[in-house]
Amino acid sequence: MELFDHLLLGLSVAITPINIVYLLAGAMIGMIVGIIPGFGPAAGLSILLPLTFGMDPIGAIMMLAAIYYGAMYGGTITSILLNTPGESAVVASTFDGYPLAQQGRAGPALVMQAVASFFGGTVGVILITVLAAVFALVTRSFGPPEFFMLVMMGMVTLVVLIGDNWRYGAVSALIGFALGTVGVDLETGLQRFTFGSAELIGGIEFIPIAIGLFGLGELYYAFYQGLHRAGSGGIIQYQNEKEFWPNAQDWIVSKLALVRGSILGFCVGLMPGAGATVASLMAYSIEKSSSKTPERFGKGAMEGLVAPEAANNAASAGAMVPLLTLGIPGSASTAVLLAAFVLWGVKPGPLLMEQNPELAWGLVASMYLGNMALLAINIFAIPVFVMMLKVPYRLLAPAVILVCTMGTFSVHGSIIEVWLMFAAGIVGFFMKLYGYSPAATVLALVLGPLAEETLRQTLIISRGSPLIFVERGTSLIILLITLGVVAFGIYMSHSRKAEKMKANAVDTSSE
Amino acid sequence: MRLGTSLRQAVRGAALACAVSVAALTAAPAMAEYPSASERLDWTIAFGPGGGNDIMARTIISILEKYKLYPGEIVAQNRSGGSGAVGWGHLFNQKGNPYGISTTSGSFLTTPLKANTPWGPSSFTPVALLAADDLILVVNKDSPIKTFEDWVESSKKTAPALGGMGAVNVDFIVPTLLAEKAGYEFEYVAFNKQGELTTALLSGALDAMVVNTGEVSGLIEAGDIRPIAFTGSQTPDWLKGVPTLAEKGYDFGISAPRGVVLPPDVPKEAQDWWIKTMKEVINKPEWQEYIKKHDLTPTVLWGDEFTKFLETNQETFGRVLKAKGVIQ
């Protein structure tokens, strides 16, 4: 079969001793880059790009790609252990990952996230191998109207995240939307709320806000509770070796979440610009709203960690499709990969796979190997990461602040972003204290500007007519899916209420 | 900076007979020896690693090092932030220092218009314009528009939706000038990311877009999008047959300037040295390869000609953007 020929060709290119070394080096670097808060794959790739100048193109691209998807594995580790998402795609992993760690289940959480990452990544590569050409059509049908509809679908997620206290949730989201308005207005070029600062013309970035709200907010809260005076006590408990492996229950609840998260993640990853963040949040909210026991979410539900993890890794694979089949970068990281292609004289575009089959298929084949290597590296490395929890809090906390500061500063070299991070930390502390939702704030910060941009673009194109959303096929499909998701959510919450009432009546409460 | 002041004093001092002996003795050796091997060259890259400006700066530096054109050590520093405001602001503050240098790109013109920077493009000591990032006007392969004439004609009938990157940018200025002169209206749709812009065109949402040729060369080759006109002075080889705007009678001379500048008020000796050296750099095969790989148009202007180019461009930008209400 042609497909296997391609894959064999790819494997024959990828499996040379030197390329395997590059691949493993890339995977390790990616993990480390992902672990440092603030230091996402895009920053890591662009800093390491010049180092690959003297290398053979295929080895170099394999290494860079491994950094790219390796970062997705690493990013979750601090989300789980420190409640500090290293980048936007792993925010959803803090929701249940950190509660799991607080309950002493950091080991199983880390193992399951590695498994989920592997599963999502591998499903993604399989889909690329088999159906890249078909999926390219999805990317091709994506204009501003479709984008806006997708963002609206993400906004549905926001409602799920806001949770029970909708007033506090709405305030949290509004803070995020407000922050999202800062910067030069895209369509008119006018400055909004920049107060004349040149560093704010690009807007307020996600990274300093997320690190501040989650990571520093959590630290300040722990100080407030006096954890630093507790002597040898770590930030969270971790009992012993027997708690390392996930139990049967973890696997059972995660089974479907893995599949759903992977497929959803891959499809969302195909859309340029939406990427892993929207995918992981959508996966989380779908998991929560389709669950029979949504009240467990946010309190350490394994499927609440597994679904977004599978989704963000599948999305990073999905984002390779527009890159390989159209030469279109879907994210900051794939834009750096694209720059790397150009540097090596490869012309990205629809003919890439025909003109450079060794490179294209070598890259795809290396992603299979890379994901396997990352799974192994992760499982071996987890005990090392878990050791971090045994460090007394009074020593760990300053180190975390230092790393967060350096990570945030390194992204754009902007001291203003560092101040923003500290300010967000203080806000995050009060949000935690009074039960506001920092998750809603950061999600609104990501989605708000996207929604504004794409809506304005759409309405300029349609000369002000909203009918464009139903006239274009893809946009209509997304609209219908969104409505379906909303209807399903409402139905589920109603049927749960009905069930509860029945259950209360007969008094047979299950766990 | 102290060195710069003494150099300037030296120049002024040369006019005064009594000062000649003193000033020349202290400062003249420094001038004669520019660049001194013991001074580090501080190369400001106003953007992050991996971007267009960064790659250009590092290409020039590697050529300087490979052919030993610069005697001392060269240190490249990415000083990113505020679309170049931070990096070029840093260079601006090194007034008179002949050991500071930076590469320019499109934001060199647009950032001073967006933010109130204390500097403008003509504040610096010009060395050379080396290349231009030119744009190409493209339509979807399914579009009925086949030629430049089709484009003008159809645009006169119905105003097209044309996409580009950002509002305060060459992408907006050039189509605006073209529409003004050809006598049609259009709706400009600004995008933040190239990927979103390209898919918007592929999906049929936009009627046309302007884009740097390098970004879409693969799509053009595969026939997914059709080139209509090129804004630069000379169409690249692989786009033979595509007319330039100048050929069609629309010569605006606007493009994103990729050049090299020194801090303000740098002594003439240093400027001349860099002009001479950059003339060597652009003849090296590595530079030719860089131009080709990144699909740039070699557009070379030296010294004051470069400043004049920047001034004309900035004037046009300011005029168009003011007329359209984009800036005050």
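This is a predicted model: local features need pLDDT of at least 70, side-chain atom pairs count only at pLDDT 80 or more; totals for chains, interfaces and linings use all residues.

**Stop one: the rings**

Across all chains, the structure holds 28 aromatic pairs (rings of Phe, Tyr and Trp, the last by its six-membered ring, with centres within 6.5 Å; planes under 30 degrees apart count as stacked, over 60 as edge-to-face and the rest as tilted).

Residues are numbered from 1 along each chain as its sequence is written, chains are lettered from A and ligands numbered from 1 in the order in which they are written, and side-chain values use heavy atoms, with hydrogens and water left out.

Back to your pair. Both residues belong to helix 11 (residues 285–293) of chain B, 3 residues apart, about one turn of the helix (helices, H or I with at least four residues, and strands, E with at least two, are DSSP runs numbered from the N terminus). Are they buried or exposed? Trp287(B) is buried at 2% relative accessible area, and Tyr290(B) is buried too, at 6% (buried means under 20%, exposed over 50%, partly exposed in between, with a 1.4 Å probe and protein chains only).

Now select Tyr34(B), Trp43(B), Tyr70(B), Tyr99(B), Trp273(B) and Trp274(B), which ring pairs link into a cluster. Then pick Lys284(B): its charged end sits over the ring of Tyr67(B), 4.5 Å from the centre (NZ of Lys or CZ of Arg within 6 Å of the ring centre and within 35 degrees of the ring normal).

**Stop two: the sheet**

Switch to cartoon view on chain B. Here 6 strands make an open sheet with mixed pairing, in the order 2-1-3-10-4-11 (two strands pair if DSSP finds at least two bridges between them). Strand 2 (74–78) and strand 11 (297–302) of chain B are at the edges with a single partner strand each, so one side of each has no neighbour in the sheet. Strand 1 (residues 41–45) of chain B runs parallel to strand 2 of chain B, joined by 5 bridges. Zoom in on Ile45(B) and you'll find its bridge partner in strand 2 of chain B, Asn78(B).

Next, click Arg58(B), in helix 3 (residues 52–66) of chain B. What does Arg58(B) contact, leaving aside its neighbours within four places in sequence? Ile45(B), Ala76(B) and Asn78(B) (contact means heavy atoms within 4.5 Å). Arg58(B) is partly exposed, at 26% relative accessibility.

**Stop three: the charges**

Over all chains there are 21 salt bridges (a side-chain nitrogen of Lys or Arg within 4 Å of a carboxyl oxygen of Asp or Glu). Select Arg140(A) and Asp224(B), whose side chains meet in one at 2.5 Å, N to O. Arg140(A) is in helix 6 (residues 106–140) of chain A and Asp224(B) in the loop between helix 9 (213–221) and strand 9 (225–230) of chain B, so the pair joins two chains. Asp224(B) is buried, at 7%.

Last, select Arg192(A) and Glu452(A), another salt bridge, at 3.0 Å, N to O. Arg192(A) is in strand 2 (residues 191–192) of chain A and Glu452(A) in helix 19 (residues 438–461) of chain A, so this pair ties together parts 260 residues apart in sequence.
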